[in-house]
2 protein chains.
Amino acid sequence: MIDFEDRRDELLEQIEEMIVRKQYAHLRDLLVEMKPADIASLFEDLSEEQVPIVFRLLPKGPAAEVFVELEPESQEMLIRGFSNTELKEVLDELYLDDAVDIVEEMPANVVKRILKHADPDTRKSINEILKYPEDSAGSLMTTEFLDLKRTMTMEDAFKRIRRQGEEMETINVCYVTDEQRHLLGIVSIRTLLLADEGDTVEEVMDPNVVSVNTLDDKEDVAQQFSRYDFIAMPVVDTENRLVGIITVDDAIDVMEEETTEDFEKMAAMLPSDKPYLKTGVLETWKARIPWLLILMLSATFTGIILSHYESALSACLILNAFIPMLTGTGGNSGTQASVAVIRALSLDEVEFSDIFRVIWKELRVALLCGVCLGGANFAKMMLIDCMLLHNAAVTVPVATVVCLTLVFVVFFAKLVGCALPLLAQRLGFDPAVMASPFISTIVDALSLVIYFRFAALLLGI
Amino acid sequence: MIDFEDRRDELLEQIEEMIVRKQYAHLRDLLVEMKPADIASLFEDLSEEQVPIVFRLLPKGPAAEVFVELEPESQEMLIRGFSNTELKEVLDELYLDDAVDIVEEMPANVVKRILKHADPDTRKSINEILKYPEDSAGSLMTTEFLDLKRTMTMEDAFKRIRRQGEEMETINVCYVTDEQRHLLGIVSIRTLLLADEGDTVEEVMDPNVVSVNTLDDKEDVAQQFSRYDFIAMPVVDTENRLVGIITVDDAIDVMEEETTEDFEKMAAMLPSDKPYLKTGVLETWKARIPWLLILMLSATFTGIILSHYESALSACLILNAFIPMLTGTGGNSGTQASVAVIRALSLDEVEFSDIFRVIWKELRVALLCGVCLGGANFAKMMLIDCMLLHNAAVTVPVATVVCLTLVFVVFFAKLVGCALPLLAQRLGFDPAVMASPFISTIVDALSLVIYFRFAALLLGI
């Protein structure tokens, strides 16, 4: 793969030189050979004066494609510099769902100007899509799809495709509707091409359509794409009338966003929707400080438990040295279980009704892990601490307390780790938010209680 | 969306009843209305005797599609039950890349049987694809693509598409090659349909092709799909000869696998490639125990540091109560930074050369977070511990030590958290593996050293 990133610096230099030397024809030739996503990525490194110069060199079609790929700040800057004619030209070339995405990001006065210069049909459609909730299938769809009637022959169908195909985001799948726009079936362009000329659309279409509703959550929609290997998915209203389609490239974007959000939630951050380096310091701080504060306060409970056992600790100070190892191992064991379950939940591999299978599995894994870790730790304490380092405080009873605690801590950590995400989802909370950050707090507190119980029992303190 | 999962139990019951009553025609009618992925999912809940019965009712095309979606265990079971004719029929219907996936999962004797009954061309192609390394673009591609010659007219092109289209995994994009199979350009079926009849392929094709090499890593390939919004991507050998294509559905599978792996690595597990509930207890244990052992041993360093300050601790036991809060907050702060950077790395938003920008950003965020947390904690210690609970041990100097430590811990945790993944990647390690599990160990140790330094300085112990 000749990676664009490898040529990036070189290209940037060339472009900047061409601008300085006013070699616009050359620059245009260079640009038309590049992919829109790559041009957009270069724009991020050009100055505010250079961007409009380069943008105006692009042919209409590619210009719109580049525009879509830009960061909202650059889009706004360009729109503010556009003449009304230029704005209209770009708007005419945009696919509807992309236009909606842009409108959603712009400040009110820019939106007003965009809507003023969009043609009436587009304006109506944009306003319609804007009505859907932010995370819904409706907000993600485009209303530019190819619909066929069931009585059409192949000749009629291809006539329509040739007439309307230019405007549509995809013609790879066409949709068959009746007069009331009810969705009757789908038919791929391949099926149409391979059909006999005399066939009607009804004869070749697939009437078993998987569709989503305008109000379905976009994460569920993306999951359907990966399940059924679709390249486009019809969106219907509550009366099964076809209102739009979602294409696979938008579904992929949703998958990536949702994955990033899951990572952020598990790492105790509020989700942000901007790339890492584009997020300001204050914004990042705002996303991170709430959970840090909550978890800091909840960790004081662990501190209270520790204080509670102060006298036991001062009677046998060596116990203190093993606390980080015990709570750390507990936290790691719990996180392993919770992350495995959270991921399985988001891939639809597991649901709440599987909770007993999940717990039964985790408990057996926990037993195996606990015994291994306890055994390894016992051996290490006896061989290294006791015999090699002659640490008189590390006795067989102390090692027994530590290792028994370890077995139980791992056991409870895995139990909490696997059950909490399932319960959270059942109760309507986000499993990723509820589970990971809290698990270490819960496990820390549990570990200490178990530890000092065993110490009281076996060491008599 | 009428979710399949909601109807699952009902369908399963219906199918089982129809089998018992031998209502095979009804069952067949029910099945042809369902999507292959859904049928495959039901198969997982049918008994070993029922699966072949239902499978044999499916028409040839859907049968192959269902077969592809099954778990390897079910595939093997079915193949072992197939007659030679049945095996050949399924093999003929499979797309080549799916056949390769299946062959990769089967034991040697089954593979032998499959290759024996595949037609010679397919056998040759399967063997060719099997030669590519497991994570390469080559292993992911199919060799069934539509290639056109540049001198073809639209009429020639459509003739070829109609003749060969049935066999191909996709005809939405066609590839233009010369006699030596060098890739000259791509052309979408839409472009072909909208072109004038007299146009030649060369006139309408896009000669600026983004392609990947057979040996490119499949994760990078998937990244290109999301960057360029492709639905298929050509794969070329080192001499730019077209050898295959990768379709977007396979790229989505790779994205999901890689995301799962990243989650697993960050949670200190070895990656597994099976769904959660399909992985056995021993297998899960094997994936989890190595990191638990390593991290348990590395946590003993924290213990050693604690032991080292034993006398300081016994002089001021109240200090102990704040250790879980300090190490916990440090761990959380570090994880936030590391997860943000790891995710940005895997989305190509950040690279090693950005390290100073990343550090500069994180340090400012750290300062804000640290000051907030320190302030909040100071207020809490003074108002609650000191004034409300009358804990005489919590004095202004003690609170100062704890809160100053907090500021520094957050500062260093963010620094380590953001720098470690970047350094890991630079050194050729996996950032997700290196970073998350180690960060808490490093931060724990750092926190304690800083804490006792401040205690010595301000409390004179």
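# A chat about chains A and B

Visitor: Where does Q50(B) sit in chain B?
Guide: Q50(B) belongs to helix α4 of chain B, which covers residues 50–57. Keep in mind that we're looking at a predicted model.

Visitor: Is Q50(B) buried or exposed?
Guide: Q50(B) is buried, because its relative accessible area is 13% and the cut-off for buried is under 20%.

Visitor: Which residues is Q50(B) in contact with, leaving aside its neighbours within four places in sequence?
Guide: Those are E16(B) and I19(B).

Visitor: New topic: strands. How do β5(B) and β6(B) pair?
Guide: They pair in the antiparallel sense, over five bridges. In that pairing, P234(B) stands opposite I245(B) of β6(B).

Visitor: And what do β5(B) and β6(B) form?
Guide: A hairpin, with five residues between the two strands. In the turn, N240(B) has a positive phi of about 60 degrees.

Visitor: How many residues of β6(B) are buried?
Guide: Six of its six residues, so to speak a mostly covered strand, running over residues 242–247 of chain B.

Visitor: What about a sheet in chain A? In which order do its strands come?
Guide: The order is β1-β2-β3, in an open sheet of three strands with mixed pairing. β1(A) and β3(A) stand at the edges with a single partner strand each, so one side of each has no neighbour in the sheet.

Visitor: How do β1(A) and β2(A) run?
Guide: Parallel, with two bridges joining them. L148(A) has V176(A) in β2(A) as its bridge partner.

Visitor: Let's turn to the interface. How much area do chain A and chain B bury between them?
Guide: About 10400 Å², with 65% of it on carbon and sulfur atoms. The contact takes 116 residues from chain A and 116 residues from chain B.

Visitor: How many residue pairs are in polar contact between chain A and chain B?
Guide: The count is 43 residue pairs. On the side of chain A that touches chain B, helix α17 (residues 281–308) gives the most, with 17 residues. That side of chain A divides into 59 nonpolar, 27 polar and 30 charged residues.

Visitor: What does K35(B) form a salt bridge with?
Guide: With D206(A), and their closest N and O atoms are 3.3 Å apart. The pair crosses between chains: K35(B) is in the loop between α2 and α3 of chain B, and D206(A) is in the loop between α14 and β4 of chain A. K35(B) counts as buried at 13% relative accessibility, whereas D206(A) counts as partly exposed at 29%.

Visitor: And which residue does D38(B) meet in a salt bridge?
Guide: R227(A), at 2.8 Å from N to O. D38(B) lies in helix α3 of chain B and R227(A) in helix α15 of chain A, so this pair joins two chains. D38(B) is buried, with a relative accessible area of 5%, and R227(A) is partly exposed at 22%.

Visitor: Last one: which residues are linked with D135(A) in a network of salt bridges?
Guide: K218(A) and E257(A).

Technical notes
Residues numbered from 1 in each chain as written. Chains lettered and ligands numbered in written order. Predicted model: local features only at pLDDT ≥ 70, side-chain atom pairs only at ≥ 80, totals over all residues. Heavy atoms only, no water. Helix = DSSP H or I, 4+ residues; strand = E, 2+ residues; numbered from the N terminus. Buried < 20%, exposed > 50% of the residue type's maximum accessible area, 1.4 Å probe, protein only. Contact = heavy atoms within 4.5 Å. Pairing = 2+ DSSP bridges. Buried area = accessible area lost by both parts, 1.4 Å probe. Polar contact = N/O pair within 3.5 Å; in protein donor to acceptor, adjacent residues only side chain to side chain. Nonpolar A, V, L, I, M, F, W, Y, C, P; charged D, E, K, R; others polar. Salt bridge = Lys/Arg side-chain N within 4 Å of Asp/Glu carboxyl O.
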